[in-house]
Amino acid sequence: MQRSVSSTPLPPLAFGENQARHATDPDQAAALAAGALGRIEIYESASRETRFRHKMSTIRVNGLELSAAASTPMRLGIKTPDDTFLLVPFFGATTLRIGPRQYQWGAARRALLLFNCDYRYGITQTRSVLIARIDSARLRATLSAMRGAARADDVECCAEEARLLDLECRSINFVAAFRHLCNYIDALGANPALLERIGVDDWFYRQLACWLAPDLVAEDAGDHGRAAGFTPGAIDAVCEAMRNRLNRPLTKTEMEKISGLSARGLQYAFLRKFGCSPMAWQRRERLNIAHERLSRDRDAASITELSFDLGFSSASRFAAYYKSLFGESPQETRKRRRSNATRHP
C-alpha cells in the first residue's frame, strides 16, 4: 500500500519572506544553505509522512551574515571548524549531538552558540530559525568596549564548543529582541547599505554581548563613579569623531572604544556636560547640519537624499526630529529660504 505524504505549510521566516529562495529537494536545499551553514555532509528529510520543503533568505551587513531558514523535519550533519554561529529559534525545536554531548534547543527552550564546532549531527522538527555567522574577535571587542577601560577584562565568551542560552534572561526576552531586529530588516527592504548606516550590525553584537554577560544589563554604580571623574578630552574626542563622520552615526561601541567608558558611563558623562545622551547629542549635531544645508541657496539635495546622507533611517523620522528641534519642517525651511532669495535677489 502506497504511503500518503502530506504537504505541511512552513512557518514564516524570521525575515526576508518575499526574497526567500525555495527548494523541494534536499540536494537543492543543501546547495542553498551551504554558504550560510558551513560544510554540509547530511541534509535530508527526517519524515516519510511530510513532503520536504525548505526556504531561506540571507543578508550581509558590514561583515555580519544573517540567514533566516525554515524547513520541514530534517536530519543534518555539518562541519564548521573555523566559524562561530548563533542559532536563534523562532519556531520548532532541534536536537544536536556534538561529540559525546547532546543539546536540545528550540522556541520554547533555548538558543545555541557554536564556536569552532568541528561536526554536529542533528534532527529538527518543522522549524524556523535565525542563523548568524559571527566574528568572534568582534564579539570579544564589543564585550570589552561595553565594560569600559576600567573593566576591560577579556570575557571567554566562546570558551566552549557549544553553549546553550536561555531565551529569557534578567527579564529580557532575547527572541523578542531579535524578532524586532528582523522586522527592522524587512522594514528597510533588507538594504545592506542602509542597515549598516544605522548600525544594525553593532546593535546585533551588543544584544549578543548582553546575552552572554548579563551583568552588562544590571545597574552598576561603578559606572557612575568612573563617569564622575571622566577626562573631558575623552568626551571631546567622541564629539569630534561624531562630527567627522556624517554618512553614518557613530555606534555606541565605537563611542565606548574612543572614550574608554562603558555605555552607562558615557550616558552620565554626556548628561553632565551637555544635558542629554550621546545619541541625542549626535542627532542634534546632524540636525543642525541639515538646517544649515537647507538654508543655503546652492544645496539642491532632496529631503530624502539629505536625511540618508546624514545617516537617518528614514525621511519621515528625520522630518519629525527636525520639526521637534526647529519648530518647522525641512520643507518649510527650504521654502522660507527660497522666498527670502526671491525677495532679496
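1. A residue counts as buried when its relative accessible area is under 20%. L310 has a relative accessible area of 2%, so L310 is buried. The model is a predicted one, and the points below should be read as describing that model.

2. L310 sits in the loop that joins helix 11 (303-309) to helix 12 (315-326). Leaving aside residues up to four places away in sequence, L310 touches L246, R286, I289 and A290. R283 is 27 residues from L310 in sequence, and the C-alpha atoms of these two residues are 9.3 Å apart in space.

3. Two packed helices are described by the angle between their axes and by the distance between the axes. For helix 2 (residues 136-147) and helix 8 (residues 252-259), the angle is about 65° and the axes are 8 Å apart. Their crossing is left-handed.

4. On the helix 2 side of this packing, the residues are A141, T142, A145 and M146; they meet T253, E256 and K257 of helix 8. By class, the contact comprises three nonpolar, two polar and two charged residues.

5. The second largest pocket holds about 200 Å³ of space. Its lining consists of 13 residues, and those nearest its centre are R21, M56, S57, T58 and I59.

6. Which elements each supply at least two residues of the lining of the second largest pocket? Helix 1 (26-37) and strand 3 (54-61) do. Strand 3 gives the most, with five residues. Six residues of the lining are nonpolar, five are polar and two are charged.

How values were computed:
Residues are numbered from 1 along each chain as its sequence is written. This is a predicted model: local features need pLDDT of at least 70, side-chain atom pairs count only at pLDDT 80 or more; totals for chains, interfaces and linings use all residues. Side-chain values use heavy atoms; hydrogens and water are left out. Axes are lines fitted to C-alpha atoms, for helices over the stretch in contact, and angles run from 0 to 180 degrees between N-to-C directions. Helices (H or I, at least four residues) and strands (E, at least two) are DSSP runs, numbered from the N terminus. A crossing is left-handed if the near helix is turned anticlockwise from the far one by less than a right angle, and right-handed if clockwise. Contact means heavy atoms within 4.5 Å. Ala, Val, Leu, Ile, Met, Phe, Trp, Tyr, Cys and Pro count as nonpolar, Asp, Glu, Lys and Arg as charged, and the others, Gly among them, as polar. Buried means under 20% relative accessible area, exposed over 50%, partly exposed in between (1.4 Å probe, protein chains only). On a 1 Å grid over the protein atoms alone, a cavity is a set of points where a 1.4 Å probe fits but cannot get out, and a pocket is an open set with protein on both sides within 12 Å along at least five of seven lines; lining residues have an atom within 4 Å of a point. Grid points are joined across faces, edges and corners, and a volume is the space filled by probe spheres set on the points.
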